[in-house]
Amino acid sequence: PALFRSLSCSRFDVYGQIDAPGVLALLNRLRLPRDTAGLAELRAALAEASGRASSRRRSPRRPRA
């Protein structure tokens, strides 16, 4: 539970910074009750951030005119 709270604060705090794909993998390894407050929201935010990060890596940069 303490690790989950730390991860959640790192994602949602104003000054928080987090490696979304890595944290999502770690979060999937934690044994937390499904009804843990904020768990679904954190998973959704990390999945969304992971998708944005992977799409940025795949998109070739367009040359500037």
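An α-helix has 3.6 residues a turn, so residues three or four places apart point the same way.

The structure is a predicted model, in which local features need a pLDDT of at least 70 and side-chain atom pairs count only at pLDDT 80 or more, while totals for chains, interfaces and linings use all residues. Residues are numbered from 1 along each chain as its sequence is written, and side-chain values use heavy atoms, with hydrogens and water left out.

**Confidence and overall architecture**

The average pLDDT (the predictor's confidence in each residue, from 0 to 100) is 82 for the protein, and 80% of the residues score at least 70. Confidence is highest in helix α2 (residues 20-29), with a mean of 92, and lowest in helix α3 (residues 39-58), with a mean of 79.

The protein contains three helices and zero strands, and along the sequence the pattern reads α-α-α. Helices (H or I, at least four residues) and strands (E, at least two) are DSSP runs, numbered from the N terminus. Of the 65 residues in the protein, 25% are buried. The accessible surface, from the Shrake-Rupley method with a 1.4 Å probe and, for residues, only the protein chains shown counting as cover, comes to about 5400 Å², and carbon and sulfur atoms hold 52% of that surface. Among contacts (heavy atoms within 4.5 Å) with a separation of 6 or more, 52% join residues 24 or more positions apart.

Helix α1 (residues 2-12) has Phe4, Leu7 and Ser8 as buried residues. Viewed down the axis of α1, its buried residues fall within an arc of 100°, so they line one face of the helix. The face of α1 turned away from that buried side carries the exposed residues Ala2 and Arg5.

Leu27 is in contact with Phe4, Leu32, Leu39, Leu42, Arg43 and Leu46. Leu42, found in helix α3, counts as buried because its relative accessibility is 0%. The contacts of Leu42 are with Phe4, Leu7, Ser8, Arg11, Phe12 and Leu27.

Gly16 is found in the loop between α1 and α2 and, at 28% relative accessibility, counts as partly exposed. Beyond its neighbours within four places in sequence, Gly16 is in contact with Cys9 and Ser10. Thr36 has its place in the loop between α2 and α3. A polar atom of the Thr36 side chain lies 2.6 Å from the backbone oxygen of Pro33; a polar contact is a pair of N or O atoms within 3.5 Å, where within protein one must be able to donate a hydrogen and the other to accept it, and residues adjacent in sequence count only if both atoms are side-chain atoms. Gly51, by contrast, has its place in helix α3 and counts as partly exposed, at 34% relative accessibility.

The table lists C-alpha to C-alpha distances for selected pairs.

| Pair | Separation in sequence | C-alpha to C-alpha distance |
|---|---|---|
| Gly16 and Ser6 | 10 residues | 10.0 Å |
| Gly51 and Pro21 | 30 residues | 8.7 Å |
| Thr36 and Phe4 | 32 residues | 9.5 Å |
| Leu42 and Cys9 | 33 residues | 9.7 Å |

Terms used: Buried < 20%, exposed > 50% of the residue type's maximum accessible area, 1.4 Å probe, protein only. Arc of directions from axis to C-beta.
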